[in-house]
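Please read the following report alongside the sequence and the three-dimensional view.

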Amino acid sequence: MTAGLKTIIGLSFILAIGFLLVILSSAIWHNFLPLTVVATYVVAPLPNWICARCANPDDFIDNSGNSVADFGRFLTGFLVLMGIALPAVLAHSGAIEIPAMVMSIIGGLLIYGTIISFSMFFQEQEEF
């Protein structure tokens, strides 16, 4: 599947909607705590990417145990779950409003989904 200009425009549109939702969840209720979701979703793919690079440095040796890659997936899953749970905990404690929580979670999921889609569409194919 080749990624073209329509893919870039579509992904940037979805990313803009995600950022808009997170920013509006902060600005409408004059509480900027929901902006922490952006940091968790931007940092979330990094452990998976770093650990995948470190897991198999040699293409000729097949390692049966990929504990480094599994640890990266665990950290990525933890950060994505934290991006969902943090607004829920803030709303439960009364620090933010319930609609701000919903907007923050939906916007954060759109941001993370766009990052993952971008990496899937624009990864280079290895040829041997």
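This is a predicted model: local features need pLDDT of at least 70, side-chain atom pairs count only at pLDDT 80 or more; totals for chains, interfaces and linings use all residues.

Side chains of opposite charge can pair when their charged atoms come close. Both D70 and R73 belong to helix α4, which covers residues 67–93, and they sit 3 residues apart, about one turn of the helix.

The count for the model comes to 1 salt bridge. D70 counts as partly exposed, because its relative accessibility of 44% falls between the limits of 20% for buried and 50% for exposed.

How many disulfides does a search of the whole structure find? The search returns 0 disulfides, and the spacing of C51 and C54 is in keeping with that count, because the sulfur of C51 is 6.4 Å from its closest cysteine sulfur, which belongs to C54, too far for a bond. For C54 the closest cysteine sulfur is in turn that of C51, again at 6.4 Å, whereas a disulfide would require the two sulfur atoms to be within 2.5 Å.

V42, V43, L46, W49 and I50 together make a nonpolar surface patch of about 450 Å². The elements that give two or more residues to this patch are α2, residues 36–43, and α3, residues 45–55, with α3 supplying the largest share, namely 3 residues.

## A loop residue and its distant partner

H30 is found in the loop between α1, which spans residues 5–27, and α2. Is H30 buried or exposed? With a relative accessibility of 69%, H30 counts as exposed.

Although H30 and I96 are 66 residues apart along the chain, their C-alpha atoms are separated by 9.4 Å in the model.

## Annotated transmembrane regions

An unreviewed UniProt entry lists residues 7–29, 71–90 and 102–122 under "transmembrane region", and such annotations may be inferred rather than shown by experiment. In the model, the span of residues 7–29 is 91% helix and 0% strand, and its end C-alpha atoms lie 34 Å apart.

The span of residues 102–122, also listed in that record, is 95% helix and 0% strand, with 30 Å between its end C-alpha atoms.

## The chain as a whole

The secondary structure of the chain comes to 5 helices and 0 strands, so that, read from the N terminus, the order of elements is α-α-α-α-α, where helices and strands are numbered from that end. Among contacts in the chain with a separation of 6 or more, 74% are accounted for by residues 24 or more positions apart.

Of the 128 residues, 28% count as buried. The chain exposes about 8,700 Å², and carbon and sulfur atoms supply 71% of that area.

Conventions:
Residues are numbered from 1 along each chain as its sequence is written. Side-chain values use heavy atoms; hydrogens and water are left out. Helices (H or I, at least four residues) and strands (E, at least two) are DSSP runs, numbered from the N terminus. Buried means under 20% relative accessible area, exposed over 50%, partly exposed in between (1.4 Å probe, protein chains only). Contact means heavy atoms within 4.5 Å. Accessible areas come from the Shrake-Rupley method with a 1.4 Å probe; for residues, only the protein chains shown count as cover. Patches are made of residues with over 30% relative accessible area and no salt bridge: like charges are joined within 9 Å, nonpolar side chains (Val, Leu, Ile, Met, Phe, Trp, Tyr) within 5 Å. A salt bridge is a side-chain nitrogen of Lys or Arg within 4 Å of a carboxyl oxygen of Asp or Glu.
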